[in-house]
Amino acid sequence: MNKLSCPLFAELGKVTKLGPGQAGRTAHHRRLPRPHPEGRTHGTPQPQPPTWAADTISGRSYTLPACAVHHSNNAKINFREKEKKVLDQILGAGKYDARIRPSGINGTANKATTVEVNMFLRSISKIDDYKMEYSVQLTFREQWTDERLKFDDIQGRLKYLTLTEANRVWMPDLFFSNEKEGHFHNIIMPNVYIRIFPNGSVLYSIRISLTLACPMNLKLYPLDRQICSLRMASYGWTTNDLVFLWKEGDPVQVVKNLHLPRFTLEKFLTDYCNSKTNTGEYSCLKVDLLFKREFSYYLIQIYIPCCMLVIVSWVSFWLDQGAVPARVSLGVTTLLTMATQTSGINASLPPVSYTKAIDVWTGVCLTFVFGALLEFALVNYASRSGSNKANMHKENMKKKRRDLEQASLDAASDLLDTDSNATFAMKPLVRHPGDPLALEKRLQCEVHMQAPKRPNCCKTWLSKFPTRQCSRSKRIDVISRITFPLVFALFNLVYWSTYLFREEEDETF
């Protein structure tokens with residue numbers, strides 16, 4: 001309520017001198033009607049009676065309107081106006097110099113200024129294996145004490161002052177030492193504020209997006225864990241002038257629903273990393289983020305397809321050795337597909353000088369596919385060489401048979417020429433059952449017979465393929481059907497036991 005809103009405020013200017021017997025009454029005093037129980041008054045509303053006041057020094061009494069007393073009791077302080085006055089008072093021209101750093105602990109001029117740092121990780125957008133970098137968005141906060149900025153808080157009613165211009169006060173010269181790119185956020189307004197508290201404490205908060213370098217060790221890729229650091233240091237002030245400290249309690253907070261496409265944030269650690277150069281020692285803070293790579297993606301995209309290609313290459317062992325086009329096309333197709341898969345994997349990774357776990361896997365799978373193709377070449381060679389030798393053996397046998405037949409014919413012709421009158425007695429070729437000679441031979445056979453031995457499974461299975469030269473190619477296929485799967489299963493056992501065990505050792509970080 002202001003002066004103009006009070007209808008009886010003009011009565012303040014009309015001072016009535018009271019006599020000794022007229023205390024407590026004036027010509028302006030009137031009785032008001034009794035108020036209605038519901039808040040309304042009977043009759044015509046009358047102005048509220050004035051309040052009597054006495055001047056104890058001069059002995060005179062004055063009449064004060066009741067509305068003026070009500071206004072004085074319920075008046076509110078305009079804190080925005082107070083903030084403006086306080087800001088002008090502490091940051092006015094010639095009163096504060098932002099180029100000079102604040103005093104140290106307890107206002108000591110020769111002590112270093114202490115700045116407490118904390119941050120809130122809002123999101124981690126990507127982790128790039130090829131460029132070895134990651135992008136993060138965070139709210140970064142710094143807090144220090146500047147005794148030059150102390151002010152009266154009006155009995156606790158003025159809790160802090162807010163600024164949006166960082167150049168009005170002194171600021172620490174902090175920078176991110178492993179930063180590649182970064183930018184502030186200015187939509188809709190710049191996402192930054194400065195709070196000045198009555199005791200001179202200053203809180204600086206800003207939202208920034210950074211792309212930071214993250215050197216990676218890919219020896220266990222994709223069964224690896226990576227440590228990406230966020231380093232902050234002073235650029236110009238040495239530890240004699242400026243010291244950064246992590247805020248006590250919880251210096252790093254992470255958003256609850258943080259999701260990464262191929263990684264999981266397992267934990268983070270805060271530490272100090274002061275650096276010494278030829279210009280002095282500089283304060284440094286770091287937070288290490290431990291990321292674990294999600295293996296399910298690589299199991300589906302890399303490991304299972306490679307296993308399927310290796311198994312498909314074994315199908316040629318079950319095809320007929322004469323199906324040359326089918327076996328050749330199958331071997332070449334699987335080999336080219338495996339080579340394409342390997343090149344695609346290496347295209348997404350940086351060229352490093354050491355062997356990665358994925359290189360061992362793809363290299364062995366490629367070797368198995370190539371071995372299946374070479375096995376067919378060996379089978380084809382053995383088949384052709386065996387057939388050639390068989391043909392030569394047949395020709396030799398035919399030649400020997402012809403020679404024997406010719407020799408027998410020559411001998412028979414000689415006998416006929418020597419004794420043309422000789423007679424020949426032909427003995428029967430089949431003997432009758434009652435023949436004593438046949439019975440004697442049968443008894444001899446029964447005496448020399450022995451109990452049959454228990455057959456060996458492997459020998460029985462291999463006996464299906466005679467030891468002739470033409471069956472050697474078939475033996476190669478049969479042996480390959482067993483050898484290739486057994487060796488690949490053994491490789492899987494050694495591979496997974498080795499790299500999973502090493503992954504558990506790295507987990508003890």
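**Strands, cysteines and a helix**

Tutor: In this predicted model, four strands make up an open sheet in the order 6-10-16-13, and their pairing is antiparallel. The edge strands, strand 6 (174–176) and strand 13 (263–272), each pair on one side only, and from one strand to the next the twist averages 20 degrees.

Student: Over how many bridges do strand 10 and strand 16 pair?

Tutor: Strand 10 covers residues 225–234 and strand 16 covers residues 284–293, and the two pair in the antiparallel sense. Within this pairing, Gln-226 stands opposite Phe-291 of strand 16. The number of bridges between strand 10 and strand 16 is nine.

Student: Which residue in strand 9 is the bridge partner of Thr-139?

Tutor: Strand 4 (residues 133–145) is mostly covered, with 10 of its 13 residues buried. Strand 4 runs antiparallel to strand 3 (residues 113–128), to which 11 bridges join it, and also antiparallel to strand 9 (residues 201–213), with 13 bridges. In strand 9, the partner of Thr-139 is Arg-207.

Student: How many residues apart in sequence are the parts that Cys-214 and Cys-228 tie together?

Tutor: The sulfur atoms of Cys-214 and Cys-228 are 2.0 Å apart, and the two residues form a disulfide, one of two that a search of the whole structure finds. Cys-214 lies in the loop between strand 9 and strand 10, whereas Cys-228 lies in strand 10, so the parts tied together are separated in sequence by 14 residues.

Student: Is the disulfide of Cys-273 and Cys-284 left-handed or right-handed?

Tutor: A disulfide joins Cys-273 to Cys-284, with 2.0 Å from S to S. Because the torsion about the S-S bond is about -55 degrees, this disulfide is left-handed.

Student: At which residue in helix 3 does the kink lie?

Tutor: Helix 3 (residues 295–313) has 19 residues, which at 1.5 Å a residue should span 27 Å, and this agrees with the 26 Å between its end C-alpha atoms. Its buried residues include Ile-302, Tyr-303 and Cys-306. The kink, of about 30 degrees, comes shortly before the proline Pro-305, and the residue where it lies is Tyr-303.

Key. Residues are numbered from 1 along each chain as its sequence is written. This is a predicted model: local features need pLDDT of at least 70, side-chain atom pairs count only at pLDDT 80 or more; totals for chains, interfaces and linings use all residues. Side-chain values use heavy atoms; hydrogens and water are left out. The expected span of a helix is 1.5 Å times one less than its number of residues. The bend at a residue is the angle between axes fitted to the seven residues ending there and the seven starting there. Buried means under 20% relative accessible area, exposed over 50%, partly exposed in between (1.4 Å probe, protein chains only). Two strands pair if DSSP finds at least two bridges between them. Axes are lines fitted to C-alpha atoms, for helices over the stretch in contact, and angles run from 0 to 180 degrees between N-to-C directions. A disulfide is a pair of cysteine sulfur atoms within 2.5 Å.
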